[in-house]
Amino acid sequence: METLTLLLLFAMYLAIYLIARFVVFKNWSPKLRPEASSCLISFAHGTPAVFFAARAILSDPTRTFSSLNTSLQNFTLDYSIAYFLTDLLHYLVFNPNDVLFIGHHLATLFVFVTCRYFVYHGAYAILVLLILAEITSFCQNTWTLAAARKADVDFAAKVYAFLSPPFYVLYTLARALAGPYFVYEMCLFYLSGAADSVIPRWIWVSWIVVVVMAISVSILWISNLWIELYRERVGEIEKKVR
């Protein structure tokens, strides 16, 4: 039954991807169509995953960093595993040289799969991190699609310019502030040895390493975007002064 749920979810994401590629974005250039299709399955995953994860966490009165996964928490993990498998397939086919994203997806899948199918504990921690990662998803995917077409569509350029500052702020709050604080709390709990009886040390250490690396890359990425935005705004001001 567990495997069937995962397969059905994978089939759902694959169907969404194919519809995006051959129907929704059929008039886009072949170069942009794969990325746009990836964004559409991310739309299907991100915001629903936040709601699923929040409900799964709040409905568990015994939640701790090492508590037994509930059925709703397991479903939410399957929902995300299916998405990352689909998007990983996308990168392997269309962007096989994008080692950073492929590595990110493989590492994320390792965390989700070990939590869901090997230790059956710790979903609370993983789902909080999922919320922090996906709470910016809708805004980020809209921003990404707008960025892809801003050079040839005026409306896309306006959406990109309008979304950039609030998206950067939200991303910074989630990934650069809330994320590191929560990981710090995770480290304190796991280092205390409170989870060693249900989550092998090598697994939770791997989780921490993966999350710290992901947060570090996210901070570097958003920092570069802030610098680019600053330069753009300074350039606009200089043009007006001239």
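1. The UniProt entry, which is unreviewed, carries the annotation "transmembrane region" for residues 6-24, 36-57, 77-94, 125-147, 159-182 and 202-223. UniProt positions are given here in the numbering used for this model, feature names are shortened, and annotations may be inferred rather than shown by experiment.

2. On the basis of the note: the model is predicted, local features need pLDDT of at least 70, side-chain atom pairs count only at pLDDT 80 or more, and totals for chains, interfaces and linings use all residues. Residues are numbered from 1 along each chain as its sequence is written, and side-chain values use heavy atoms, with hydrogens and water left out.

3. Two of the annotated spans can be compared with the model. Residues 77-94 are 100% helix and 0% strand, with end C-alpha atoms 26 Å apart. Residues 202-223 are also 100% helix and 0% strand, and their end C-alpha atoms lie 31 Å apart. Helices (H or I, at least four residues) and strands (E, at least two) are DSSP runs, numbered from the N terminus.

4. The largest nonpolar core has 49 residues, among which F182, M186, Y190 and W207 touch the most other members. A nonpolar core is a set of buried Ala, Val, Leu, Ile, Met, Phe, Trp, Tyr and Cys residues joined through side-chain atoms within 4.5 Å. At least two residues of this core come from each of helix 1 (2-24), helix 2, helix 3, helix 4, helix 5, helix 7 and helix 8. Helix 5 gives the largest share, 10 residues. A second, separate core of 12 residues includes C139, L163, L225 and L229.

5. Y190 deserves a separate look. Apart from neighbours within four places in sequence, Y190 is in contact (heavy atoms within 4.5 Å) with F65, A125, A195, D196, I199, W204, W207 and I208.

6. I208 lies in helix 8. I208 counts as buried because its relative accessibility is 11%; buried means under 20% relative accessible area, exposed over 50%, and partly exposed in between (1.4 Å probe, protein chains only). I208 and Y190 are 18 residues apart in sequence and 9.6 Å apart in space, C-alpha to C-alpha. Leaving aside neighbours within four places in sequence, I208 is in contact with V183, M186, C187 and Y190.
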